[in-house]
Amino acid sequence: MTGDRGAGSDDHGYRVPRLLRAAEVLCADGRVLRGRVFLPAAAESHPGAMRAEEWMNDPASFFPFLPDGEGRPVILNKEQVLVVTVAASADLDEAMDAAGAKVRRVRVECGSLHLDGEVLVDMPANHSRILDLLNRPGAFLNVREGGRHHLVRKSGIKRVSEPSGGSPGPRP
């Protein structure tokens, strides 16, 4: 077996359409990478493209990332990523926004990094604590800050607190 591929090869014709979305990746070692992530153009569970939060919480351990100024993607290990920040538009969940999911103000601390923002609590009332949200399946927590969403690796979180007045209720 050789590593050569014929000109024009497309991996046997099996290509999944992808959308490039701007992202900033903060690695566990402190490096910051700016570039693009490749989100699937179609989601399995809803119409439209896969949201960035869904994509990062997918069980795959590695993902491609195209650094700014480079012509070829690199492969990143999700366990070595602390935060992926994307535009809110790359993570839009119209169904949840329309359903009026509760939002909670939080401060998330990852060592010297502090993120202040909101989290959506889309769980039953008897499981609507921040603790329940952190313990639910999925490796990344979505902290919304205005027009940006910070997808924070839960295992990198050292502390989460709710400022006073941290539960504004359902979204308008």
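A residue is called buried here when its relative accessible area is under 20%. With that cut-off, 38% of the 172 residues of the chain count as buried in this predicted model. The accessible surface of the chain comes to about 10,300 Å², and carbon and sulfur atoms contribute 52% of that area.

Three helices and eleven strands make up the secondary structure of the chain. Read from the N terminus, the elements follow the order β-β-α-β-β-β-α-β-β-α-β-β-β-β. Contacts across the sequence are well represented: among the contacts in the chain with a separation of 6 or more, 55% come from residues 24 or more positions apart.

Strand 1 (residues 18-27) and strand 2 (residues 32-40) run antiparallel and are joined by nine bridges. Within this pair, Leu26 of the chain stands opposite Val32 in strand 2. The hairpin formed by strand 1 and strand 2 has four residues between the strands, and Gly30 in this hairpin adopts a positive phi near 95°. Strand 2 is also joined to strand 3 (residues 62-67), again in an antiparallel arrangement, by three bridges. Here Gly35 has Pro67 in strand 3 as its bridge partner. In a regular strand, side chains alternate between the two faces of the sheet.

Is Leu115 buried or exposed? Leu115 counts as buried because its relative accessibility is 9%, which falls under the 20% cut-off. Setting aside neighbours within four places in sequence, the contacts of Leu115 are Val83, Val106, Arg107, Val108, His150 and Val152. For one of these, His150, the separation along the chain is 35 residues, while the C-alpha atoms of Leu115 and His150 are 8.3 Å apart.

Finally, the cysteines deserve a brief word. A disulfide is a covalent bond between the sulfur atoms of two cysteines. How many disulfides does the model contain? With a pair of cysteine sulfur atoms required to lie within 2.5 Å, the count comes to zero. Cys27 has a relative accessible area of 5% and is therefore buried. Cys110 is likewise buried, with a relative accessible area of 7%.

Notes:
Residues numbered from 1 in each chain as written. Predicted model: local features only at pLDDT ≥ 70, side-chain atom pairs only at ≥ 80, totals over all residues. Heavy atoms only, no water. Buried < 20%, exposed > 50% of the residue type's maximum accessible area, 1.4 Å probe, protein only. Pairing = 2+ DSSP bridges. Helix = DSSP H or I, 4+ residues; strand = E, 2+ residues; numbered from the N terminus. Contact = heavy atoms within 4.5 Å. Areas by Shrake-Rupley, 256 points an atom, 1.4 Å probe, with all protein chains shown as cover.
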